[in-house]
Structure formats: structure tokens, C-alpha cells
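Please keep the sequence and the model in view while reading.

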Amino acid sequence: MKKVLIVEDQRMPRENMERILLDSGKYALSASVNGADVALAVCRQEKIDLILMDVCTAGNKDGIEAAAEIKAEFPDIKIIIVTSMVEVGYLKRAKEAKVDSFWYKDISPENLIDVIEQTMAGEHIFPDKTPSVKLGLADSSELTAKEIEVLRFVCEGLEYSEIAERMHISQRTVKFHVSNILSKTGYANKTRLAIAVTNKNFIIPSSPEKNPPSL
């Protein structure tokens, strides 16, 4: 039987995945851990064939970071990213980390066991795109790539000058993009915009600030 490692810090999803593996009769659960930062150590201790990896877990490392490290050291281990977050950057990051498949817990049309079977057979199962979410008056698909890049920095609490420096553009251009986003979404200011975007999990700040962005 193929040995599986589950990385999931929420009890109900973890137990659901464990039950799916048990009911299949084809997979043996080697371990369930709640932090991605210990996944590599488990792979070093015993032979793992497949990892079901959540992105947001306990510890200081997210699942995609851990997956990249594991793939670099154990390229033959199959890794499926399993997440409920519609964060706009996850899908691209997962592909760059060379994971084998990507499955949304709540909205993917495929059953998890089918994704597991296809992945173990050598297929790569990925959504065509990140699911869109409603951001005020706009659909997230209406935002341009550059606007999303600016929006990510806004959600991380950076000032206009800091965003301009990070993106190698002028502050005027940053303000132009923010103005366009506010116009599309209908939010009154970038503080309310950032709160709405993070609450919808469209952007999950990598370095959240304790204080909200200034007006």
C-alpha cells in the first residue's frame, strides 16, 4: 500500500482525509501532522509516497514553501496541495514549487480520491484558474495583474512610497492603480479595501501589519 502523509491543522478536514484514505483500501496513513514545517522531517524518517498538504497550517512555514523543499530533496514524492483558500497567488506558487496537483476543498468539481488516483498515476490535476470572488461592486477577475500586485502590498500595510520602491514605479503610478481599484470595487478608501480583500481570503498577507494601512 502507498504511504501517505497528511499535513492539516484543522481537525475535521484532517479526519475527512484520513477516512477517505481508509475507505479506499489502497493507501496507508503514515502520519498526520498539523504543521508544514515538520513535513520534511517526516519524509526523512520514513518512506512517503504521497503528501496531502494544506497551505495554511500551524508553525512558521506554509504548505507551498514546505512542498518546494520536499520536492527538491524527494522529487519522487507526489504532493497534492489541498486548500479552502482562494488566495490569488497560491495556484502559481504551487506550480513553481513543482507540486503534482492542486485541489480546492470546497469548490473543486473532482472528488479528492479521484485526484489522488490520477496523481499517483502520473497525471497533474490543476484548476484552470483561481476562483473569482466578489470584491464590493467588482468581481476579482476584473482586476489586472498589476492592480493585484499593488493590492497585495496594500494588504500588507505598505505606504505608497514603500510600494513604489518595491515595484520600481512612481508613487503617482501606485496611487493611480489604487484609485482604479477603489473605483472598480466601490470601497471608500484603501483601509476598507484591504480589510474586505483579506476577509475574503483573496489575498493573505505574507507579513501582516498590526495596524491597518493608513488612509
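## Two annotated regions

UniProt, in an unreviewed entry, assigns the feature "domain: Response regulatory" to residues 3-120. Helices (H or I, at least four residues) and strands (E, at least two) are DSSP runs, numbered from the N terminus.

A further UniProt feature, "domain: HTH luxR-type" (unreviewed entry), is placed at residues 136-201. That span is 67% helix and 3% strand, with 14 Å between its end C-alpha atoms. UniProt positions follow the numbering used here, feature names are shortened, and annotations may be inferred rather than shown by experiment.

## Basis and confidence

Residues are numbered from 1 along each chain as its sequence is written. Because this is a predicted model, local features need pLDDT of at least 70 and side-chain atom pairs count only at pLDDT 80 or more, whereas totals for chains, interfaces and linings use all residues; side-chain values use heavy atoms, with hydrogens and water left out.

The chain has a mean pLDDT (the predictor's confidence in each residue, from 0 to 100) of 92, and 96% of its residues reach 70 or more. Over residues 207-215 the pLDDT is below 50, and this stretch has 14 contacts in the model beyond near neighbours in sequence. A contact here means heavy atoms within 4.5 Å. Where pLDDT is low, the predicted coordinates should not be read in detail.

## Strand β3 and its partners

Strand β1 (2-7) runs parallel to β3 (50-53), and four bridges join β1 to β3. Within this pairing, I51 of β3 is the bridge partner of L5. β3 also pairs with β4 (78-83), again in the parallel sense and over four bridges; here L50 stands opposite K78 of β4. Two strands are taken to pair if DSSP finds at least two bridges between them.

Both faces of β3 are covered: L50 and L52 are buried on one side, I51 and M53 on the other. Buried means under 20% relative accessible area, exposed means over 50%, and partly exposed lies in between (1.4 Å probe, protein chains only).

## Nonpolar cores

A nonpolar core is a set of buried Ala, Val, Leu, Ile, Met, Phe, Trp, Tyr and Cys residues joined through side-chain atoms within 4.5 Å. The largest such core holds 27 residues, of which L5, V7, I51, M53, I70, I79 and I81 touch the most other members. β1, β2, α2, β3, α3, β4, α4 and β5 each supply at least two residues of this core.

Leaving aside neighbours within four places in sequence, I79 is in contact with I51, M53, A67, I70, K71, V99, D100 and S101. Another core, of 23 residues, lies apart from the largest one and includes V133, L143, V154 and V174.

Which residues of α3 are buried? They are G63, I64, A66, A67, I70 and K71. These residues cover an arc of only 155° around the axis, which puts them on the same side of α3; the arc is that of the directions from the helix axis to the C-beta atoms. They pack against α2, β3, β4 and α4.

In α5 (residues 112-120), the buried residues are L112, V115, I116 and T119. Their arc around the axis is only 100°, so they lie on the same side of α5. The elements covering them include α1, β2, β3, β4 and β5. α5 is followed by G122, whose phi is positive, near 100°.

## Loops and positive phi values

Most residues other than glycine have a negative phi. H168, although not a glycine, has a positive phi of about 60°. H168 is situated in the loop between α7 (160-167) and α8 (171-185) and counts as exposed, at 71% relative accessibility. N201, likewise a residue other than glycine, has a positive phi near 65°. N201 lies in the segment after α9 (190-199) and is partly exposed, with a relative accessible area of 25%.

S132 is found in the loop between α5 and β6 (134-135) and is partly exposed, with a relative accessible area of 42%. Not counting residues up to four places away in sequence, S132 touches D139, S140 and S141. The C-alpha atoms of S132 and V86 are separated by 7.8 Å, while the two residues are 46 residues apart along the chain.
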